[in-house]
Amino acid sequence: MRDIQQITAEIFASMPSETRFSQTDAALIKQHKELLLGLEDDLTKGFYDTLYSHQQTLEILQQEDRSKRENVLRSWWQKTITSDFDDTYWEWQVFVGLVHIKQKVSNPMMISMWGWILTALRSLLKEHLNQPDLDTLMVAFERLAATIQALTAESFLSNYVQAIEQATGFNNKLIDRMVNLQIDGLIAKRA
Ligand code: HEM
């Protein structure tokens, strides 16, 4: 069974390096640390306003009170902006994928909220940065978004499949063959 470190290493290996968050991106975020930390209230409010006004995400969130939910994102934002972006940080993002499976948060829900974060960030930062600085910082966040989405989504899939393997006793090769047959069937139907 693959552990979180192996999953993280495999996902990084499959991403072309220029698409991945880099140490230059990390330095840029550090340079704008105070400004970015100051966006926490606006980002948190907008993020949960969006999730609480959509039926499917509301159903997931309503079991806890809103301020507790907000603290999850506040803490994630603070840890992200002050992060060294080392293995521990990336492995934590893989772990977030696990927590989301448990909470029934789907990848489309998570990916769409990443889209929301990037749009909100650009609009908030526009008030503080000139165009070239805004563009450079947003490219860093776009690479961060792609990297974390890859980690969280792949962690979700990989752990889901591992759970099926364990529950059914089927090994990975057998599941792969079954998936292939299923996909061949779907492709044949479209042809
Ligand atoms: C940009 C997208 C998202 C990010 C960065 C994010 C981040 C996180 C983090 C850091 C945690 C805590 C993991 C830990 O225990 O260490 C978490 C948990 C959770 N997330 Fe997300 N999340 C995202 C999207 C969503 C969406 C779309 C939902 C849908 C409702 C959601 C619902 C939850 C829930 C219910 C928990 C468990 C909270 C708890 O234990 O109190 N998340 N998320």
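**Note on salt bridges and the iron site**

1. The side chains of E70 and R66 form a salt bridge, N to O 2.7 Å (a side-chain nitrogen of Lys or Arg within 4 Å of a carboxyl oxygen of Asp or Glu). The two residues are four apart in helix α6, so about one helical turn separates them (helices are DSSP runs of H or I, at least four residues, numbered from the N terminus). E70 is buried at 15% relative accessible area, while R66 is partly exposed at 27% (buried is under 20%, exposed over 50%, partly exposed in between, with a 1.4 Å probe and protein chains only).

2. The model is predicted: local features need pLDDT of at least 70, side-chain atom pairs count only at pLDDT 80 or more, and totals for chains, interfaces and linings use all residues. Residues are numbered from 1 along each chain as its sequence is written, and side-chain values use heavy atoms, with hydrogens and water left out.

3. D41 pairs with R74 in a salt bridge whose closest N and O atoms are 2.7 Å apart. This pair links distant parts of the chain, 33 residues apart: D41 is in helix α4 (residues 40–52) and R74 in helix α6 (residues 66–81). D41 is partly exposed, at 49% relative accessible area.

4. A salt-bridge network links E40, D41, K45, D49, R66, E70 and R74. The whole structure has eight salt bridges.

5. The iron atom of the ligand has H100 (NE2) as its only protein donor, at 2.1 Å (donors are N, O and S atoms within 2.8 Å of the metal, or 3.2 Å for Na, K and Ca; water is not among the atoms, so sites may look incomplete). H100 belongs to helix α7 (residues 87–103).
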